[in-house]
Amino acid sequence: MELRRVYNLYQWRVSRIASVLRIGVVALMVMAMLVGTPRAEWPQQTVLLALYSLAALSAFIFAFSPARQSRIGRLQPVAFTVIDVLALTSFQLLSTHGLMPLMVMTALPILAGLDVSSRRAVIVLVCSWLGFVVAGLQDPVMIREMGWPVTIFGLVLYGFLCCTALVVVRVEERHANTVAGLSALREELLADTMTAAERVQRRISESIHDGPLQDVLAARQELAELDAATPEDPHVNHALACLQSASERLREATFELHPAVLEQVGVGAAVEQLASFTARRSGVAITTDIDYPVQTTIDPIVFGVVRELLSNVVRHAHASRASVALGITNGKCHLDVADDGIGITSQALARRLAEGHIGLASHRARVEAAGGSFTFLDEPVGVHVRVELPLRN
């Protein structure tokens, strides 16, 4: 799965490069027609160039449009590479004394060398070389003027270019395999880290809930009974208020460490409750817009990011209002956390990281390792963070 994802990413990037180069090949073909072929052959060559120009423009549109995510987008590199071979070979076959069109065919190994599949590249390059051989040998004018030694040298040179392109493809394929392996390893380490962290947080949460929180509640019950026996004692009333505050803080702490609601009904309810706790404790007015009816394996990552961002709002932003929006669009989790505080600069982020404040950086790394993005959006006031993560069941 990870290898396929990396291949798709590589193929999308090289298809963009190839689509730009293909337009350059069309321009070269036009120049070759104008300076290297008889005028009598221009009409049929013009028809071929018009069709190939349309294909080149379509490839460019596909490469730079959302269609690259569809099935058609994934088939685009193969389809247009075949069109390249047919168009350039046909252009040579339509030309007599076609030295210039034959030179344009040297662009084929370059376009094929942008692939990341050695099997596909072998097929394309063999077809390209055979097309070059056919195009060169069928032109008697060229053979008569250049002679067989020069013609054979040209065929060997073109074969060498094809072999070089295949080596480049093979290197890129190995590079893609290496990147995919490292990416899969990073995700595995992230999963192990998150699992370990969750176990520790669960253990601490349960320890607080079953230990100090129960002791505080027991002490509060004892004082409540004492208050009933000796009413209007200010010391007892103050102690009851302190124990009530302590019990609420301990409950909030156990929730933030490991909210049971996260496993029961999902991250949407957990974020709602976290925002409520934070607003009540800090005095910051926090609004929520949550439409997240699913439960996935990324829920702990999302909750951790919201917890860290709201903590930064309270501790650093000096904000009076904040907002949390959580939803799903096109198979991705979208999270937006914004405030009206003093904002933050890249220099401030770097300084906090140097001082050892790695909370935000670690959550950002987790999001990116899970295939998501963590972006600071430009706002006139405050900070606006947008997080996107692909859903995983």
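User: Taking contact as heavy atoms within 4.5 Å, which residues in H12 meet H11?
Analyst: This is a predicted model in which local features need pLDDT of at least 70, side-chain atom pairs count only at pLDDT 80 or more, and totals for chains, interfaces and linings use all residues. Residues are numbered from 1 along each chain as its sequence is written, and side-chain values use heavy atoms, without hydrogens and water. On the H11 side the contact is made by Val267, Ala270, Val271, Leu274, Ala275, Thr278 and Ser282. Their partners in H12 are Asp299, Val302, Phe303, Val306, Arg307, Leu310 and Val314.

User: How many nonpolar residues does the contact of H11 with H12 have?
Analyst: The contact of H11 with H12 includes 2 polar and 2 charged residues. The nonpolar class (Ala, Val, Leu, Ile, Met, Phe, Trp, Tyr, Cys and Pro; Asp, Glu, Lys and Arg are charged, the others, Gly among them, polar) contributes 10.

User: Are H11 and H12 roughly parallel or roughly antiparallel?
Analyst: Helix H11 covers residues 267–282 and helix H12 covers residues 299–317. Their axes come within 10 Å and cross at roughly 15 degrees. Therefore, with under 35 degrees counted as roughly parallel and over 145 as roughly antiparallel, H11 relative to H12 is roughly parallel.

User: Which residues of H11 are buried?
Analyst: H11 has 16 residues and reaches 22 Å from its first C-alpha to its last. Buried is under 20% relative accessible area, exposed over 50%, partly exposed in between. In H11 the buried residues are Val267, Gly268, Ala270, Val271, Leu274, Ala275, Phe277, Thr278 and Ala279.

User: What is the relative accessibility of His318?
Analyst: His318 sits in the loop between H12 and strand S2 (321–329). Although not a glycine, His318 has a positive phi of about 55 degrees. His318 counts as exposed because its relative accessibility is 65%.

User: What is the relative accessible area of Asn330?
Analyst: The loop between S2 and strand S3 (332–339) holds Asn330. Asn330, not a glycine, has a positive phi of about 55 degrees. Asn330 is exposed, because its relative accessible area is 77%.

User: How far apart in space are Val82 and Ser128, C-alpha to C-alpha?
Analyst: Val82 belongs to helix H3 (residues 71–93) and, at 42% relative accessibility, counts as partly exposed. In sequence, Val82 and Ser128 are 46 residues apart. In space, their C-alpha to C-alpha separation is 9.4 Å.

Key: Axes are lines fitted to C-alpha atoms, for helices over the stretch in contact, and angles run from 0 to 180 degrees between N-to-C directions. Helices (H or I, at least four residues) and strands (E, at least two) are DSSP runs, numbered from the N terminus. Angles under 35 degrees count as roughly parallel, over 145 as roughly antiparallel, 65 to 115 as roughly perpendicular and the rest as oblique. Contact means heavy atoms within 4.5 Å. The expected span of a helix is 1.5 Å times one less than its number of residues. Buried means under 20% relative accessible area, exposed over 50%, partly exposed in between (1.4 Å probe, protein chains only).
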